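Let's take a walk through this protein chain together, one piece at a time. Keep the picture open while you read.

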Amino acid sequence: MNSLESKDLNLYYGNFHALKNITMGMKKNEVTAFIGPSGCGKSTYLRCFNRMNDLIDNVRIEGEVLVDGVDIYQKNILVDDLRKHVGMVFQKPNPFPKSIFENVAYGLRVNGTKDKKLIEERVETSLRQAALWDEVKDKLKKSAFELSGGQQQRLCIARALAIEPSVLLMDEPASALDPISTAKIEELIYQLKENYTIVIVTHNMQQAGRVSDYTAFFYLGELVEFGKTKNLFTSPKDERTQNYVTGRFG
Ligand SMILES: Nc1ncnc2c1ncn2[C@@H]1O[C@H](COP(=O)(O)OP(=O)(O)OP(=O)(O)O)[C@@H](O)[C@H]1O
C-alpha cells in the first residue's frame, strides 16, 4: 500500500488553480523527491499531506489525499493526530527559544508525556537519529540558538522525530546550509528511510539524484512525470522533464 497518495487533487488559492489533477502515490520507506521550477506547486502539494494548507486563508481542495489509505480531509480527522503521524521540516531551521533538550522534548510534553526517564531516553534517541547527539550531549541545557545553522536544522529533525511520526515531509531542508551540513542532512535522509517514508522538496537536482528513490517533476501545477529517480534523470519520457533535468529552464 502507498504511504501517501492523492487522487485527482486540485487546489485553488482563491481563483488561482495551483495544483491540477494530481494523482500519484508514494511508497512506504522510500524517499521521493519533488522537483520543478519555482512556483510550480511543490511546497503546496507537500503541505497537503499534513494539512498545513489549512492554515492559509482562501484555500480550496478537491479530490482525495490519503495517508496510509485514510482520506485525511474527512470531517472526523483530528489534525493534531495527523501531524503527529506526518512530521515536517522546513526550509529555514526554526528552533524554539528554548534549550536544546527542551526543543526535542517539546512535542512529547505537549502530548502529555510526564515520565522524565522516558522523555530523556526519547530525546537522546532522536538526537542520535538526527546525527547530532555527539555534538550536543554535553550542552543539552544551552539555548538552541547557540548551535550553527546546520546543527539547528538537525535539531529540528530530531524534534520532528521525537514524537515518532511515520512520514517526514522536508521542504528544501538543506537549502540554507553549507556543503558539509548539507552532506550530513543527505546522509541522515538515507539512514532514516529505513523507518520512515520521506518526501523532500529540492531545487538541487544532484541532491534529488543522491537521496531519492523516486522523483516527481512538477510544472505549472501539473505533475508532468513521476518515476524511479534513475529513469527520470537518464531517460525522461516528457520533453518538459528532459528540458528541466538538462538545465534548459528553471
Ligand atoms: N498562500 C498563498 N496564496 C496565494 N498563492 C500562493 C500561496 N502560496 C503559494 N501560492 C502560489 O501557488 C503557486 C505554487 O507555489 P508553491 O510555493 O507551492 O511552489 P513551489 O514549487 O514550492 O515554489 P518554490 O520552489 O519557489 O518554493 C505559486 O504560483 C505561488 O505564487
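Helix H6 (residues 149–162) lies across strands S6 and S7 (167–171), and its direction makes an angle of about 170° with S6. Here, contact between two residues means C-beta atoms, placed from the backbone, within 7 Å. Axes are lines fitted to C-alpha atoms, for helices over the stretch in contact, and angles run from 0 to 180 degrees between N-to-C directions. The names come from DSSP runs numbered from the N terminus: helices are H or I with at least four residues, strands are E with at least two.

A quick word on where this comes from. This is a predicted model, in which local features need pLDDT of at least 70 and side-chain atom pairs count only at pLDDT 80 or more, while totals for chains, interfaces and linings use all residues. Residues are numbered from 1 along each chain as its sequence is written.

Zooming out, the protein chain has ten helices and ten strands. Two strands count as paired if DSSP finds at least two bridges between them. Here are the two sheets:

| Sheet order | Kind | Pairing |
|---|---|---|
| S6-S7-S8-S3-S9-S10 | open, six strands | mixed |
| S2-S1-S4-S5 | open, four strands | antiparallel |

In the six-stranded sheet, S6 (86–89) and S10 (222–228) are the edge strands, each with a single partner, so one side of each has no neighbour in the sheet. Neighbouring strands of this sheet are turned by 15° against each other on average, ignoring direction. Inside it, S3 (residues 31–35) and S8 (residues 197–201) run parallel and are joined by four bridges. Thr32 sits opposite Val199 in S8.

Now the sheet of four strands. S2 and S5 (70–71) are at its edges with a single partner strand each, so one side of each is left without a neighbour in the sheet. S1 (residues 2–13) pairs with S2 in the antiparallel sense over eight bridges, and Glu5 stands opposite Gly25 in S2.

What about the ligand? The residues around it include Tyr13, Phe16, Lys42 and Ile56; a residue counts as near if its C-beta atom, placed from the backbone, lies within 6 Å. S2 (16–27) and H1 (42–48) each supply at least two residues of this shell, and H1 gives the most, with three. By type, the shell has five nonpolar, six polar and one charged residue.

Finally, the domain assignment, automatic or from a database, gives domain 1 (1–47 + 58–68 + 198–250) and domain 2 (77–165). Their centres, taken over C-alpha atoms, are 28 Å apart. The C-alpha atoms of the chain fill a box of roughly 55 × 45 × 30 Å along the principal axes.

Methods. Ala, Val, Leu, Ile, Met, Phe, Trp, Tyr, Cys and Pro count as nonpolar, Asp, Glu, Lys and Arg as charged, and the others, Gly among them, as polar.
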